[in-house]
Amino acid sequence: MATLVIVGSQWGDEAKGKIVDVLGSEAEVVVRYSGGNNAGHTVITGGKTFKFQLLPAGILHEGTISILGGGMAVCPKGLLEELERTRALQPELGDLRISPAAHVVFPYHRALDALEEKARGDDKIGTTSRGIGPCYTDKVQRTGIRMGDFVNPDKFRDKLATVVAFKNKLMTLLGGEPMDFESLHAEYSAYADQIRPMVQETDHVVQEAVANGARVLFEGAQGTFLDLDHGTYPYVTSSHPTAGGACLGTGVGPRSIDNVLGVCKAYSTRVGSGPFPTELHDETGEQIRQQGNEFGTVTGRPRRCGWLDLVALKHSSRINSMSGLVLTRLDVMANVGPIQVATGYEVDGQVIGHVPSTPEEWESAKPVFETLAGWDEDITGAQSWDDLPKNVQDYVRFVEHATSTPAAILSIGPDRKQTIVLRPDLIWG
Ligand code: IMP
């Protein structure tokens, strides 16, 4: 067994970056399969803090091949800036390759993201304004510009001319400003020149690595309930963060995936609009926000905070066929008092133990809580399961039982070292 998907099991921001960094150091290939620079992964190592939006966390490991898969939406400007920022902190990086099938995000996508949000008024999605939705819209409309086109000067000029003429009409209609084709073309051609050497065949690289039994890590972004199909539609992102997206976004089939780890916070957060049954609007919610520093890495927005939703997590475990859970930010829950977890929902006067099939029902679902004992101890220095207070152990066991999913890893602080591996067999087998 050598292939592993790391997936966000909630609404994103589950601290996947740290986990991908820890496990990425053990992989030969790390491939990101969906989303773009709407994601924000923080990796703290050797006293340095890296903030990744597009780069796979494997980039920090020399000798590791890092891939931006065909399922992604890549902003060239953002990518080059991120590479520069990362090189300033660590000059030697891993080998980065970009799939020719990945779609390119342009300024008109960002402009349309803002204009469309404005047009939605009170029904706005609360996007990250990175142009991700409009870029994937072009993909589905079959008018998108892919990395392979972008780095081919003739093709790029032709395609961009057609698209810009169309987008200018659209932006004008929505009250925006048209863009000047020549200056956009000149700016982005310069980015294409820098990016060209990185655009290489990647599906084959991943397939060969899988065939040769090399360790391949598929790095998810966002989270299960932001998935275009499985999330709280329409309050979702426009790609597939779920484990199935790893196949679509990289060119391997479902039987190539050995293990799936679902990363989950010890509580819940969400940024942007949409259903969140266990959301807290009180002092405890504020305490969790402050203790967990729950402010968006990409947008700086305060995250909505709430109790852990085990109904949703069980559903997430099934959607992703999780082999195990990675429970993160357990340390943040110290001193919040007794901890509540949702084990059911009340919908139309009936208590159910599963996620309702319509977003409206999910929105109106009242969580049925069980109360568990909290803890006041600082657990950030624990080295093993036995070092953890009994109430923390009981909390972990409760989550495992309610979701029928074993805990593989616990994270008790932001540093690589603050990681307790409980089930190595659920990682690389
Ligand atoms: P978009 O992906 O920018 O279109 O935003 C759609 C929804 O997904 C909004 O609610 C965003 O806040 C949310 N979202 C997108 N990326 C992330 C992420 O990496 N973490 C958490 N939420 C995200």
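1. The buried residues of α1 are Lys16, Gly17, Lys18, Ile19, Val20, Asp21, Val22, Leu23 and Gly24. Helices (H or I, at least four residues) and strands (E, at least two) are DSSP runs, numbered from the N terminus.

2. A word on the basis of these notes. This is a predicted model, in which local features need pLDDT of at least 70 and side-chain atom pairs count only at pLDDT 80 or more, while totals for chains, interfaces and linings use all residues. Residues are numbered from 1 along each chain as its sequence is written, and side-chain values use heavy atoms, with hydrogens and water left out.

3. Now to the ligand. It is surrounded by 15 residues, and the closest are Asp13, Asn38, Thr128, Thr237 and Arg301; a residue is near a molecule or strand if one of its heavy atoms lies within 4 Å of it. By class, this shell holds six nonpolar, seven polar and two charged residues. Ala, Val, Leu, Ile, Met, Phe, Trp, Tyr, Cys and Pro count as nonpolar, Asp, Glu, Lys and Arg as charged, and the others, Gly among them, as polar.

4. A polar side-chain atom of Thr128 lies 2.6 Å from a ligand oxygen, and an N or O atom in the side chain of Thr237 is 2.6 Å from an oxygen atom of the ligand. Val271 takes part through its backbone, with an N or O atom 3.1 Å from a ligand oxygen. The protein covers 97% of the 470 Å² of accessible area that the ligand has on its own (Shrake-Rupley method, 1.4 Å probe; for residues, only the protein chains shown count as cover).

5. Helix α10 (residues 283-291) has Thr284, Gly285, Ile288 and Arg289 buried. Seen down the axis of α10, these buried residues fall within an arc of 145 degrees, so they line one face of the helix; the arc is that of the directions from the helix axis to the C-beta atoms. Their cover includes β12 (304-306). Just after α10, Asn293 has a positive phi of about 50 degrees.

6. In helix α4 (residues 132-141), the buried residues are Ile132, Pro134, Cys135, Tyr136 and Asp138. They pack against β6 (73-74), β8 (103-104), α3 (107-120) and α6 (153-173), where contact means heavy atoms within 4.5 Å. Arg142 follows α4 with a positive phi near 65 degrees.

7. Asn320 is worth a look in the loop between α11 (310-319) and β14 (324-328). Its relative accessibility is 1%, so Asn320 counts as buried. The side chain of Asn320 reaches the backbone nitrogen of Ala243 at 2.9 Å. Leaving aside neighbours within four places in sequence, Asn320 contacts Val7, Thr224, Thr242, Ala243 and Val260.

Terms used. Polar contact = N/O pair within 3.5 Å; in protein donor to acceptor, adjacent residues only side chain to side chain. Buried < 20%, exposed > 50% of the residue type's maximum accessible area, 1.4 Å probe, protein only.
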